[in-house]
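Dear colleague,

I am passing on a structure for you to look through, and my notes on it follow below.

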Amino acid sequence: QDVYTATQSSDPKGNLYDKAKMISDTREAPKFFISNRLNRVKVRFYGDTAIAQGSESWERRTGERGRFVWTDTWIRRHGHWQIVATEDLNAPEALR
């Protein structure tokens, strides 16, 4: 069973998204972003569950800069890792 749910702080209504919507949004991202760089990621394992937390710096084509701070939840099902939930937050650009 392929179950996935995502939330994004960029959605003021707090809608939940399915895997198809998140894949579609990811494919469309180059229209809106000039760059996106992974800053850090930390993964913790709890048996057949893994929690990945990280941040990315981005720049939009408009010149706006910021970060995504995110948490992904993965489970090992039938010997394969599968992402089941994501929460993405928009944050100001990190101080250097």
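Which residue takes a positive phi in the hairpin of S3 and S4? It is Gly63, with a phi near 100°, in a hairpin that has 4 residues between the strands. Please keep in mind throughout that this is a predicted model.

To begin with the overall layout, the protein chain holds 1 helix and 5 strands, and reading along the sequence gives the pattern β-α-β-β-β-β. The C-alpha trace spans about 45 × 30 × 25 Å along its principal axes, and of the 96 residues in the protein chain 27% are buried. Among contacts with a separation of 6 or more, 39% are made by residues 24 or more positions apart.

The sheet is open, with 5 strands in the order S1-S5-S4-S3-S2 and mixed pairing. Its edges are formed by strand S1 (5–8) and strand S2 (33–46), each of which pairs on one side only, and from one strand to the next the twist averages 20°.

Taking the pairings in turn, S1 runs parallel to strand S5 (residues 80–91), with 4 bridges between them, and Ala6 has Thr86 as its bridge partner in S5. S5 also pairs with S4, here in the antiparallel sense and over 11 bridges, with Thr73 standing opposite Ala85. The hairpin of S4 and S5 has 2 residues between the strands, and in that hairpin His78 takes a positive phi near 55°.

Asp72 is buried yet has no salt bridge, and the nearest side chain of opposite charge, that of Lys19, is 12 Å away. What the side chain of Asp72 does have is a polar contact of 3.1 Å with the side chain of Thr86, the residue that is also the bridge partner of Ala6. Leaving aside residues up to four places away in sequence, Asp72 touches Ala50, Ile51, Ala52, Ile83, Ala85 and Thr86; of these, Ala85 is the residue that stands opposite Thr73.

Note on methods:
Residues numbered from 1 in each chain as written. Predicted model: local features only at pLDDT ≥ 70, side-chain atom pairs only at ≥ 80, totals over all residues. Heavy atoms only, no water. Pairing = 2+ DSSP bridges. Axes fitted to C-alpha atoms, helices over the stretch in contact; angles between N-to-C directions. Buried < 20%, exposed > 50% of the residue type's maximum accessible area, 1.4 Å probe, protein only. Lys, Arg positive; Asp, Glu negative; His and termini not counted. Salt bridge = Lys/Arg side-chain N within 4 Å of Asp/Glu carboxyl O. Polar contact = N/O pair within 3.5 Å; in protein donor to acceptor, adjacent residues only side chain to side chain. Contact = heavy atoms within 4.5 Å.
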